Amino acid sequence: MNSKKIVLTFLTVLMSLMIFSQEVVYIDENLQSIDALAYSKKCKLEAFKCNLYEVDSLIIYKVLPKFNFGKIDETAYNQIRKLLMRDTQEEITPNKTLIIKFYDTIFPYKTAFKNHVKHMETVHNVSVDSNETVNIKHASFNEESFNKSREKFVVKSNKCLKKFEDRFNSEIFYMVDEDNGITNEYSNFNWVIDNGFFKNNFFKFRSHYGTVFIKPDGEFFLIGSHFSDSSAKKLLKDTDWSKHKNDWQKTLTNKSNKSYGIFKTNVANGHYEHCF
């Protein structure tokens with residue numbers, strides 16, 4: 001065996017050892033270490049969802065609450081309101097419930113296409129050519145379909161503004177962390193670019209929470225899973241969230257996989273469009 005082959009063999013073995021030496025940990029919703037069986041049981045409960053994160057040589061399986069209530073003071077609410085006024089150049093009256101729908105990234109077409117190809121290859125085991133059209137049953141993807149999808153997103157989002165803002169004395173903001181310089185490609189739509197504040201304070205973990213409602217008194221509600229429009233309307237029309245918080249605590253702590261109040265799940269709801 002020549003020296004080149006020896007080096008290649010060594011590198012292959014080393015990479016294999018690095019892959020298989022990755023440490024796997026399971027973390028519950030309280031950031032406590034648990035075993036795989038406890039993790040599996042938690043993931044089956046209605047109150048939780050489970051995500052995988054990879055950090056260097058560490059694989060983290062994390063239990064995440066689908067929703068959460070919290071509280072900031074009224075001064076912090078007003079600081080957030082003024083920050084949004086600065087970034088949108090729009091007046092926001094002090095009695096509004098602020099709704100921020102957060103996206104980690106929006107992609108240009110070429111990047112979206114590469115991500116789609118990678119998804120098809122890794123998840124569906126479908127090999128795709130490097131051209132700019134994917135045309136497989138249930139997976140058609142090209143620039144035309146990409147643009148249509150973007151247009152549908154804009155139409156749906158603007159419908160949500162009309163559905164909730166005036167009726168529930170709220171302001172909805174569509175916010176993105178990494179905009180890749182393409183926010184101006186969205187016709188009749190206003191993105192707000194995060195300067196790091198919202199990501200660091202409300203959306204720290206990727207793919208955990210995606211929306212926050214913030215009331216003028218500082219109470220806030222985080223959404224990290226399907227939340228029907230009817231549930232959102234019930235929450236927004238109430239100035240006192242005590243019942244909803246109690247229902248969430250019961251959903252969060254019961255062991256029988258039941259959910260309560262606005263957190264009751266309806267399989268059919270998953271097939272309907274929803275704003276949050």
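**Questions and answers**

User: Let's start with D177: is this residue buried or exposed?

Analyst: The relative accessible area of D177 is 19%. Buried means under 20% relative accessible area, exposed means over 50%, and partly exposed is in between (1.4 Å probe, protein chains only). With 19%, D177 therefore counts as buried.

User: What kind of model is this?

Analyst: Residues are numbered from 1 along each chain as its sequence is written, and side-chain values use heavy atoms, with hydrogens and water left out. Local features need pLDDT of at least 70, side-chain atom pairs count only at pLDDT 80 or more, totals for chains, interfaces and linings use all residues, and the model itself is predicted.

User: Which residue forms a salt bridge with D177, with the closest N and O atoms 3.8 Å apart?

Analyst: A salt bridge is a side-chain nitrogen of Lys or Arg within 4 Å of a carboxyl oxygen of Asp or Glu. Side chains of opposite charge can pair when their charged atoms come close. For D177, the closest N and O atoms are 3.8 Å apart, and the partner is K199.

User: How many residues apart in sequence are the parts that K199 and D177 tie together?

Analyst: Helices (H or I, at least four residues) and strands (E, at least two) are DSSP runs, numbered from the N terminus. K199 sits in helix 6 (residues 197-201) and D177 in strand 7, so this pair ties together parts whose separation in sequence is 22 residues.

User: Which residues are linked with D177 in a network of salt bridges?

Analyst: The structure holds 15 salt bridges. One network of salt bridges includes D177. Linked with D177 there are D104, K199 and R206.

User: In the K250 and D247 salt bridge, which residue is buried?

Analyst: The side chains of K250 and D247 meet at 3.9 Å, N to O. Both lie in helix 8, 3 residues apart, which is about one turn of the helix. K250 is partly exposed, with a relative accessible area of 41%. At 7% relative accessibility, the buried one is D247.

User: What about K215 and D217: which one counts as partly exposed?

Analyst: These two side chains meet in a salt bridge (3.6 Å, N to O). K215 counts as buried, because its relative accessibility is 6%. At 27% relative accessibility, the partly exposed residue is D217.

User: Which residue in strand 10 does F69 stand opposite?

Analyst: Strand 5 and strand 10 (residues 219-223) pair in the antiparallel sense over 5 bridges. The residue in strand 10 that stands opposite F69 is F221.

User: Which backbone nitrogen does the side chain of T251 reach at 3.0 Å?

Analyst: T251 lies in helix 8 (residues 242-253). At 4% relative accessibility, T251 counts as buried. Its side chain reaches, at 3.0 Å, the backbone nitrogen of Y260.

User: Last one: what is the phi of D56 near?

Analyst: Most residues other than glycine have a negative phi. D56 sits in the loop between strand 3 (48-55) and strand 4 (58-65), and D56 is exposed, with a relative accessible area of 75%. Its phi has a positive value, near 55 degrees.

Key: Pairing = 2+ DSSP bridges. Polar contact = N/O pair within 3.5 Å; in protein donor to acceptor, adjacent residues only side chain to side chain.
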